[in-house]
Amino acid sequence: MTAREPGAASEIDRLRAITDVTRAFAEATADYERLLDVVVRRSAEVVGDSCALGLVSDDGRWFALETCFDRDPAALATVREVFGAKPASLESPHPLHARVLHKGESVLVPEVDADFIASRLDPADRGAVLALGIRSMLMVPLRAYGRILGALTILRRGENPGTLGERDIALAEALAGHAASALTNARLLAAEREARAEAARAESARRETLEQLRVSEARYRRLIEGTTEAIWMLDAGQRISFANARAAELLGYDAPADLIGLGIDAFLDADESAATAAQFRRRRDGEGGQVEARLRRRDGAPVWVLVESTPFFDAAGRYEGLLAMAMDVTARRAAEEERARLAAIVESCDEAILGKDLDGRITSWNAGAEQLYGYSRAEMLGRPAALLVRPDRPDEEAGLLARVARGERVVHFETERVCRDGATVPVSLSVSPIRDADGKVVGASSIARDLSAQHRAAAASAESARVQQLFFASSPVPIVLFDAVTLEFVAVNDAAMTLYGYGREEFLRLRLTDLRLPTEASTGALVCGEGTEEWRGGATHRRKDGTTLQVEIQSRPHRLDGRAVRMAVFQDVTDKQQLEAQLRQSQKMEAVGRLAGGVAHDFNNLLSVILGYAELAIGDLRPGEPMRDDLGEIKRAAERAAGLTQQLLAFSRQQILAPRVLDLAEVVAGTEKMLRRLVGEDVALTLLAAPGAALCRVDPGQVEQVVMNLVVNARDAMPAGGQLTIETSAIDLDVAYAAEHLDVAAGRYVLLSVTDTGCGIDKATMARIFEPFFTTKEKGKGTGLGLSTVFGIVKQSGGHVWVYSEPGVGTTFKVYLPRVDERAEALPPSAPLASTDHGTETVLLVEDEEAVRNLVRQVLRRGGYHVIDAANAGQALLHCEQFGARIHLLLTDVIMPQMSGRQLAERLAPMRPDMRVLYMSGYTENSIVHHGVLDAGIAYLAKPVTPARLLKKVREVLDAAR
């Protein structure tokens with residue numbers, strides 16, 4: 001619709017225009033001739049440029065111009081000539097008259113051109129029409145109370161750039177409805193005035209007139225009671241004062257009398273009351289007209305009515321009431337709503353829906369068709385549907401129409417259609433016949449569903465199935481399919497066959513339970529999670545060769561050719577579980593080692609006090625005194641305890657090493673004589689050394705301790721004698737070995753192997769043999785620290801130890817130490833004995849443990865030294881600042897609160913550059929050692945401290961400064 005057309009205004013403007021015109025019609029109702037002029041003038045002003053009103057004769061045979069109007073007075077004569085030349089017969093009507101006056105349809109000619117004039121108008125009218133310059137024409141019926149009174153013809157002429165459109169049809173139909181009602185009322189009023197005039201003229205014959213009125217009233221009552229419309233009258237209070245039988249029937253009452261006195265609100269829904277009240281107010285103001293309303297019957301059921309209402313007034317012009325005529329339009333409205341719903345469904349449907357006549361011309365085209373084929377509705381209406389058919393299938397469309405013309409339905413016919421861009425699209429067609437009211441086939445409806453996605457999905461599904469099959473077959477993970485009920489295998493991949501050692505045919509003859517060990521449960525629920533969506537679990541399975549493996553299983557339900565199956569994925573976790581066990585063992589040993597180191601540190605301080613005072617007391621007693629022997633027992637017990645703490649420190653890897661590059665074979669060979677005396681004559685000892693040097697960086701004394709402990713352990717395992725073999729060799733450990741042994745890095749190692757033919761070790765004992773204080777010997781026969789000492793020394797030296805054993809066969813301990821390419825170092829000569837352990841130098845003693853500090857101070861002072869003692873680093877710093885003479889030696893504990901011994905020595909170095917430093921501690925600490933190896937140039941005294949060792953070490957450090 002163009003901007004010039006009145007219908008392009010807003011809906012509010014449209015309603016306002018209808019209201020103004022309707023009021024004008026009502027005001028002119030009293031004057032029939034004036035009303036005719038008002039109808040054509042106002043219709044022309046609101047909708048177009050010209051308007052002609054034609055009425056049907058009372059006998060329904062003729063249609064003739066009643067009046068006309070044109071905005072241009074000069075064109076009025078021509079308009080009258082076109083429309084009023086002569087009456088038109090309705091017995092053989094013009095096509096336009098037939099559609100409007102017989103069928104009640106509105107006719108819109110949006111573009112009036114020469115072809116239209118030539119084909120639709122009489123030759124006598126063509127010249128006048130051309131002279132008017134008509135651009136478009138609209139003809140709408142005048143309908144009142146179900147009867148067509150005539151027609152309004154509205155023209156839009158050349159000087160107006162716009163054309164009439166769909167919105168003008170709705171506006172013109174609304175005006176025509178109000179005009180028809182006004183004309184009907186005007187005729188009734190004119191007839192009523194004529195009757196009253198006649199009554200006045202016949203006053204002399206009053207009785208005769210009254211009789212005539214009585215007869216007329218009876219006739220009208222019969223007419224009112226016999227009409228199919230419901231009629232009622234409302235008084236000024238909007239209460240029913242009269243109703244006919246049809247009104248009672250429509251509203252669900254037994255008789256019209258039941259309606260008398262009821263208010264109109266009794267028949268209105270709550271949401272309609274306000275709107276209806278406003279309508280009644282307009283009627284009270286003199287406005288009539290038609291309105292559709294929803295009423296509520298006595299039983300509550302809704303009923304839709306088309307109400308034609310006319311107000312009436314007394315002689316003074318006061319509103320007296322309202323005459324209403326109502327037609328039941330419930331069925332029509334339901335049909336319209338159903339058609340609207342169906343139209344909305346069709347329009348919103350994603351599938352392409354189109355209608356066509358039996359000649360194959362398209363009559364309807366929905367949005368789905370636009371989307372699928374690319375053509376707009378305007379492009380395709382009226383064009384042949386064969387436009388969409390592939391050129392190589394010329395008879396396809398005709399064949400479908402022929403089948404539909406015979407009344408057949410074509411369902412899911414798969415073919416291809418051609419789109420606007422020339423591309424073809426696969427579709428599934430369902431074609432059904434369209435029938436008229438008599439059941440005759442007049443056309444076909446076609447529904448086309450795009451199969452492109454389905455075809456792509458099918459192709460994708462086939463490709464997916466191929467990929468899945470390829471994935472299943474080539475997956476490195478073992479995958480099987482088995483029957484969910486019988487547990488029989490239905491498919492296996494290559495990885496599963498490799499894992500279990502069966503061929504495909506062999507595998508498919510087995511059930512899932514055949515892989516389980518006979519001693520394990522094998523119900524369906526346990527092996528596949530029967531009745532569950534997804535199941536995870538572990539099991540011990542058996543290969544074809546009888547070996548076992550630990551597997552984790554994950555299974556899910558599937559359908560295969562209608563058969564309930566489960567797909568199971570197997571993962572061999574045998575190595576994983578072994579590594580996890582090694583990790584748990586390593587973590588346990590690490591935790592125990594930290595505990596043992598802490599205990600040894602605290603215990604060393606206590607032992608220092610016990611050993612120190614025992615030794616001092618023994619030195620103060622003469623030989624033969626009873627107390628001297630008792631103190632000797634205390635000292636020996638304390639020394640044994642000190643030995644235990646050293647073993648704990650070795651296990652916890654907190655002892656201090658003095659490593660050198662040595663040939664391990666030479667170290668072992670140097671202990672041969674001692675080892676032969678140790679094992680006894682009933683054990684055959686064999687030493688084997690592989691050719692070439694087996695060089696590693698180790699502490700010689702610690703390596704000898706490892707050999708001794710392993711040999712003692714082997715001798716105890718052979719109480720009746722046996723064979724003991726000690727081997728040394730260079731060996732390379734590859735990545736595979738490292739992957740199977742936790743905390744082992746691949747590389748070059750020196751191997752020390754100790755093998756016996758003793759009683760062997762069971763699995764339970766094997767898991768604990770390196771734990772401190774764990775022993776299988778009788779109480780009092782061993783401390784359980786021998787192998788834990790081996791473990792600590794090897795780990796602190798950067799190696800690892802592994803044990804292999806079978807009960808009744810024997811045991812092999814394998815110690816791997818990192819191999820080096822450096823030259824072997826000679827062992828240093830023994831230091832010469834000092835002439836004396838006493839001195840007169842000044843010693844700054846720093847020890848936070850009071851008992852140890854008191855002991856060391858007493859021992860040093862007995863040795864002749866001048867001692868300045870401090871409980872912490874702060875006191876030591878203060879002493880250095882305040883003491884004016886030279887301090888020869890700083891003797892400090894390594895680990896102290898707030899500041900370590902190493903940090904204290906570094907703080908004092910600028911103040912006392914010539915002061916020597918001797919550290920003492922119960923276990924390693926990173927301030928003086930790195931990875932258990934003492935830093936170069938560091939003097940160290942291990943706790944527990946004895947007087948003799950203390951005086952000797954102090955003298956050694958002081959003498960080294962000279």
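Two residues are in contact when heavy atoms of theirs lie within 4.5 Å. This tour uses that term at several stops. The model is predicted, so local features need pLDDT of at least 70 and side-chain atom pairs count only at pLDDT 80 or more, while totals for chains, interfaces and linings use all residues. Residues are numbered from 1 along each chain as its sequence is written, and side-chain values use heavy atoms, with hydrogens and water left out.

**Stop 1: R559**

Select R559, which sits in strand 20 (residues 548–560). Helices (H or I, at least four residues) and strands (E, at least two) are DSSP runs, numbered from the N terminus. Apart from neighbours within four places in sequence, R559 is in contact with A564 and V565. Its relative accessible area is 59%, so R559 is exposed; exposed means over 50%, buried under 20%, and partly exposed in between (1.4 Å probe, protein chains only).

**Stop 2: Y500 and F570**

Next select Y500 and F570. They form an edge-to-face aromatic pair, with 5.8 Å from centre to centre and 70° between the planes. Rings of Phe, Tyr and Trp (its six-membered ring) pair if their centres lie within 6.5 Å; planes under 30 degrees apart count as stacked, over 60 as edge-to-face and the rest as tilted. Y500 belongs to helix 16 (residues 494–500) and F570 to strand 21 (residues 563–572), so the pair ties together parts 70 residues apart in sequence. The whole structure has seven aromatic pairs.

**Stop 3: helix 4**

Go to helix 4 (residues 95–102) and colour L96, H97, V100 and L101, which are buried. Looking down the helix axis, the buried residues fall within an arc of 95°, so they line one face of helix 4. The arc is that of the directions from the helix axis to the C-beta atoms. After helix 4 comes G104, with a positive phi near 75°.

**Stop 4: helices 27 and 30**

Finally, show helix 27 (residues 850–862) and helix 30 (residues 947–960), whose axes come within 10 Å and cross at roughly 65°. Axes are lines fitted to C-alpha atoms, for helices over the stretch in contact, and angles run from 0 to 180 degrees between N-to-C directions. Select V856, V859 and L860 of helix 27 with P947, L950, L951 and V954 of helix 30 to see the contact.
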